[in-house]
Amino acid sequence: MIIFGIIEIILSQIPNFHELTWLSAVAALMSFGYSTIGLGLSIAKAVGGNQARTSLTGTTVGVDVTSWQKTWNCFEAIGDIAFAFAFSTVLVEIQASPPGFNGKTSIHVIGMELQDTLKPNPPENESMKKATLVGVSVTTVFYVSCGALGYAAFGNNAPGNFLTGFGFYEPYWLIDMANVFIIVHLIGAYQVFCQPIFKQVEDRCFNRWPNSSFIKESPPIKLPLFGVYSFSVFRVVWRTGYVILTIVLAMLLPFFNAILGLLGSASFWPLTVYFPIQMHISREQIRAFSWKWIWLNFLVLLCLIVSVLAAAGSIATIVKDLSTYEPFNSVS
């Protein structure tokens, strides 16, 4: 974790999100790599004998878990799924190009503007719908395949993560490669999530204290192999402090699946369900108490209940883990 933090401190000094395109591409490639390795190892283990104990309903009450533990685990799993399918973490907004703009559109990724070269025919919204459908479909296939084949391989003793949970041991070189892919992916994912936060905080500080030399000054420095780098003491101090804080919190709270479930349950309903549906109702001017309005709001209520149950399951798991918790030690 300390080594990971040092790497993130260095990468966090990249001035802005636009310079992270290569890192995002590498992270996506790593995700595809370790998922494929995990699927292959799961298939090999499932068909290679020593059949794991499985059932249609999963873990057995009274043998593997108590009834309450299974209930909380199911709710926590719902939170993990919600985190995986939040989709709001991208927050890609298409701003229609004005006339005479040569077919270009302005895409805002969490408040930061990139320029793409989508042609006006087909329309940008249709292109994005197709891209979204393909992206979500591919990730769903991988998620479901990893879950189903992982359970087929390990049964009711399946670890929380079948690559980092010491489920596989041979061939060691392939497992090590997959874990290297995971580390590289997490390094890139950390930056994709944190750079928008860096940008927002720094913009607010620039606007709040426009005459502060500590915040404003960023003299250019020539770096070998990297060209000119805009050095800012403020950026170095605050971004380094932020990374250190998050790494210390990660080492203090090593409840990976439970934390993911809690984050997923907290963000899924407002960002993925409530606000998009309310914007759709407003944009389409759907009449209140019409059948479509009723069904959309029923969906909002249903997802709220699911999110609350997912949060309850994650909190229950964290509370249980805290009973055997030792600071700065991983939880088995």
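Predicted model: local features only at pLDDT ≥ 70, side-chain atom pairs only at ≥ 80, totals over all residues.
Colleague: Where is Arg239 found?

Modeller: Arg239 is found in helix 7, residues 233-252.

Colleague: What makes the link between the side chains of Arg239 and Glu202 a polar contact?

Modeller: The two side chains are joined at 2.7 Å. The cut-off for such N or O pairs is within 3.5 Å. The link therefore counts as a polar contact.

Colleague: Which residues does Arg239 touch, not counting residues up to four places away in sequence?

Modeller: Arg239 touches Ser12, Gln13, Ile14, Pro15, Gln195, Phe198 and Glu202.

Colleague: How do you know whether Phe198 is buried or exposed?

Modeller: Phe198 has 0% relative accessibility. Buried means under 20%. Phe198 therefore counts as buried.

Colleague: How many aromatic pairs does the structure hold?

Modeller: The structure holds 13 aromatic pairs. One of them joins Phe198 and Tyr242, with ring centres 5.5 Å apart and planes at 85°.

Colleague: Why is the pair of Phe198 and Tyr242 called edge-to-face?

Modeller: Ring centres must lie within 6.5 Å to pair, and planes over 60 degrees apart count as edge-to-face. Phe198 and Tyr242 have centres 5.5 Å apart and planes at 85°, so the pair is edge-to-face.

Colleague: What parts does the pair of Phe198 and Tyr242 tie together?

Modeller: Phe198 lies in helix 5 and Tyr242 in helix 7, so the pair links parts 44 residues apart in sequence. Elsewhere, Trp68, Trp72 and Phe75 form one aromatic cluster.

Colleague: Which residues of the largest nonpolar core touch the most other members?

Modeller: That core has 16 residues, and Tyr34, Ile37, Leu41, Phe162, Leu163 and Phe168 touch the most other members. Helix 2 (21-47), helix 4 (124-154) and helix 5 (172-208) each supply at least two residues of this core. Another core, of 14 residues, lies apart from it, and includes Ile14, Ile187, Cys194 and Cys205.

Colleague: What is Tyr34 in contact with, leaving aside its neighbours within four places in sequence?

Modeller: Tyr34 is in contact with Leu163, Ala178, Phe181, Ile182 and His185.

Colleague: What makes Gln285 stand out?

Modeller: Gln285 has a positive phi of about 55° although it is not a glycine. Most residues other than glycine have a negative phi.

Colleague: Where is Gln285, and how do you know whether it is buried or exposed?

Modeller: Gln285 is found in the loop between helix 8 (256-284) and helix 9 (291-322). Its relative accessibility is 69%. Exposed means over 50%. Gln285 therefore counts as exposed.

Colleague: What about Phe289?

Modeller: Phe289 has a positive phi of about 70°, and it is not a glycine. Phe289 is found in the loop between helix 8 and helix 9. Its relative accessible area is 65%, so Phe289 is exposed.

Colleague: How does the reach of helix 9 compare with the expected span?

Modeller: Helix 9 has 32 residues and reaches 47 Å from its first C-alpha to its last. That is close to the 46 Å expected at 1.5 Å a residue.

Colleague: What covers the buried residues of helix 9?

Modeller: The cover includes helix 3 (67-84) and helix 8. Among the buried residues of helix 9 are Leu296, Val300, Cys303 and Asp321.

Note on methods. Residues numbered from 1 in each chain as written. Heavy atoms only, no water. Helix = DSSP H or I, 4+ residues; strand = E, 2+ residues; numbered from the N terminus. Buried < 20%, exposed > 50% of the residue type's maximum accessible area, 1.4 Å probe, protein only. Expected span 1.5 Å × (residues − 1). Contact = heavy atoms within 4.5 Å. Polar contact = N/O pair within 3.5 Å; in protein donor to acceptor, adjacent residues only side chain to side chain. Core = buried A, V, L, I, M, F, W, Y, C linked by side-chain atoms within 4.5 Å. Phe/Tyr/Trp six-rings, centres within 6.5 Å; stacked < 30°, edge-to-face > 60°.
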